[in-house]
Amino acid sequence: MNDIDLSTYCTLSFGGFDTQKKSVCCNVESPILTDKYVPFITIVNSPQIKKIQANLLAGIQDPSCHICWFSEKNELSSLRSMWTQSISQKQAKHEIENPKIRRLVIFSGTMCNLACRTCGPWSSTSWWKESEIKNIGKNSIFNNKAFYRRTEIDDLCNEDYSEIKHVAILGGEPFLNLDHIKVFNKIIEHGNSQNCVLSYTSNMTVDIPEKLKPIGEKFKSWGITMSIDGVGERFEYIRTLGKWNDVLKNINQIQHYREKHKWTPDCENSFNYNINTVVSALSILYLDEIEEFGNKIDCEIYYTFCRHPDYYTPSIFTDYERAKVIDTLLKQNLPNFLGLVDYLNSFTFNEIYRDNFFKEIQFTKDYHNLDAYQYLPRLMKLLEG
């Protein structure tokens with residue numbers, strides 16, 4: 001086999017298994033539309049994924065992977081770059097010749113205690129009543145009950161985990177449903193847990209289950225990505241139904257736990273946490289508060305860029321307002337400033353989306369008793385001119 005172009009190669013195209021998307025990763029649409037369980041080997045050998053693999057091996061940035069290309073263009077971390085940044089030619093060739101699950105994404109279901117503004121009924125049961133009132137998804141895939149089904153754990157226990165490196169557990173709020181522990185036990189039984197990292201994505205308003213800790217400690221490491229889009233009142237508006245004091249209590253708990261399981265070059269079975277912030281029109285003027293909070297708790301921060309719903313994207317900003325936002329970000333001296341600017345400039349003003357934005361904040365005030373003028377004053381002052 002000739003040398004592989006590692007500038008476009010992606011481990012996930014040969015070893016990723018996103019069980020909610022039924023694809024190799026969350027950014028690539030499912031090649032098999034069904035509500036039944038689809039084994040990993042069926043997905044990775046499907047014509048659609050084979051085409052993506054061929055393009056990546058030929059040095060072509062396949063358009064299905066545009067989210068990763070956008071992040072990398074702006075010097076931001078992407079799923080692809082995280083998996084290939086230190087990969088060798090020998091490792092890549094082994095992965096190509098031996099397609100096995102290396103990164104597994106388990107969908108714990110839509111059970112969630114929050115109704116985050118940039119989320120929807122496809123990821124949260126707390127959104128269902130609201131979506132009925134708004135008539136969301138009546139004629140879309142989200143109206144299909146099969147879409148809400150969590151990962152078929154019993155089927156998943158029959159997969160080959162001999163080369164598993166990472167398991168990510170998503171929701172909903174994954175700490176509200178722990179059926180996926182069966183898969184952890186299977187990996188432990190296979191004797192491969194010491195080569196595997198576990199990661200949860202949590203809104204941090206739910207107590208961390210104590211039963212997880214001794215299981216997590218049997219893996220190479222484990223940790224939590226904390227979904228935090230604002231601090232204090234900002235969190236309670238954007239992560240609707242959440243209470244900031246609950247977040248602080250749970251972070252305090254895992255800080256003490258991390259001190260006992262902190263990573264060192266000689267230490268396995270470590271625990272860590274980081275923050276993922278959804279950058280949207282709601283949060284973009286308050287990133288300085290999140291960065292300050294991250295520094296306070298000794299925590300790395302990663303950005304995910306909101307592209308849906310339209311009325312929470314930068315398309316609600318006029319050119320003048322967008323320039324003001326960029327000026328604010330510059331004064332805040334934020335990391336990845338150029339990536340944030342590129343995100344802002346990838347949208348153009350849309351009057352319909354702006355009108356919908358004001359309808360949404362009125363709905364949020366009426367339905368949840370959350371007034372954007374109180375919780376997001378910088379944003380509303382900018383929009384009111």
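Reading the terms in a predicted model

A search of the whole structure, which is a predicted model, finds zero disulfides.

Q: What about Cys116, and which cysteine sulfur is nearest to it?
A: The nearest is the sulfur of Cys119, at 5.9 Å. The cut-off is 2.5 Å, and Cys116 is in no disulfide.

Q: Is Cys116 buried or exposed?
A: Its relative accessible area is 7%. Buried means under 20%, so Cys116 is buried.

Q: Why is Cys26 called partly exposed?
A: Cys26 has a relative accessible area of 39%. Partly exposed is the range between the limit for buried, under 20%, and the limit for exposed, over 50%. The value for Cys26 falls there, so the residue is called partly exposed.

Q: Which residues of helix H18 are buried?
A: In H18, residues 377–384, they are Leu379, Met380, Leu382 and Leu383.

Q: How do you know that the buried residues of H18 line one face of the helix?
A: Viewed down the axis of H18, they fall within an arc of 155 degrees, so they line one face. In an α-helix there are 3.6 residues a turn, so residues three or four places apart point the same way.

Q: What covers the buried residues of H18?
A: The cover includes helix H14 (319–331), helix H16 (351–368) and helix H17 (372–375). After H18 comes Gly385, with a positive phi near 70 degrees.

Q: What makes Met380 count as buried?
A: Met380, in helix H18, has 1% relative accessibility. The limit for buried is under 20%, so Met380 counts as buried. Leaving out residues up to four places away in sequence, Met380 touches Phe357, Phe358, Ile361, Ala372 and Tyr373.

Q: Why is Thr313 called buried?
A: Thr313 lies in the loop between strand E7 (300–305) and H14. Its relative accessible area is 1%, and under 20% is buried, so Thr313 is buried. Not counting residues up to four places away in sequence, Thr313 touches Ala281, Cys306, Arg307, His308, Tyr343 and Phe347.

Q: What makes the pair of Thr313 and Ser315 a polar contact?
A: Their side chains come to 2.6 Å, against a limit of 3.5 Å for a pair of N or O atoms. The side chain of Thr313 also reaches the backbone oxygen of Asp310, at 2.7 Å.

Q: Is Ser193 buried or exposed?
A: Ser193 sits in the loop between H9 and E4. With a relative accessible area of 7%, under the 20% limit, Ser193 is buried. A polar atom of its side chain lies 2.8 Å from the backbone oxygen of Lys218.

Q: Why is the pair of Phe175 and Tyr200 called tilted?
A: The ring centres are 4.9 Å apart, and rings pair within 6.5 Å. The planes meet at 35 degrees. Under 30 degrees would count as stacked and over 60 as edge-to-face, so the pair is tilted.

Q: What parts of the chain does this pair link?
A: It links distant parts: Phe175 is in the loop between strand E3 (166–170) and helix H9 (181–189), and Tyr200 is in strand E4 (residues 197–202), 25 residues apart. Phe175 counts as buried at 5% relative accessibility, and Tyr200 counts as buried at 1%.

Q: What makes Phe235 and Trp244 a tilted pair?
A: The distance is 5.4 Å centre to centre, with 55 degrees between the planes. Phe235 and Trp244 are both buried.

Q: Which residues touch the most other members of the largest nonpolar core?
A: In this core of 101 residues they are Leu104, Val167, Phe184, Met226, Ile284, Phe317 and Phe357. Apart from it lies another core, of six residues, including Ile4, Tyr9, Phe14 and Ile87.

Technical notes: Residues numbered from 1 in each chain as written. Predicted model: local features only at pLDDT ≥ 70, side-chain atom pairs only at ≥ 80, totals over all residues. Heavy atoms only, no water. Buried < 20%, exposed > 50% of the residue type's maximum accessible area, 1.4 Å probe, protein only. Helix = DSSP H or I, 4+ residues; strand = E, 2+ residues; numbered from the N terminus. Arc of directions from axis to C-beta. Contact = heavy atoms within 4.5 Å. Polar contact = N/O pair within 3.5 Å; in protein donor to acceptor, adjacent residues only side chain to side chain. Core = buried A, V, L, I, M, F, W, Y, C linked by side-chain atoms within 4.5 Å. Phe/Tyr/Trp six-rings, centres within 6.5 Å; stacked < 30°, edge-to-face > 60°.
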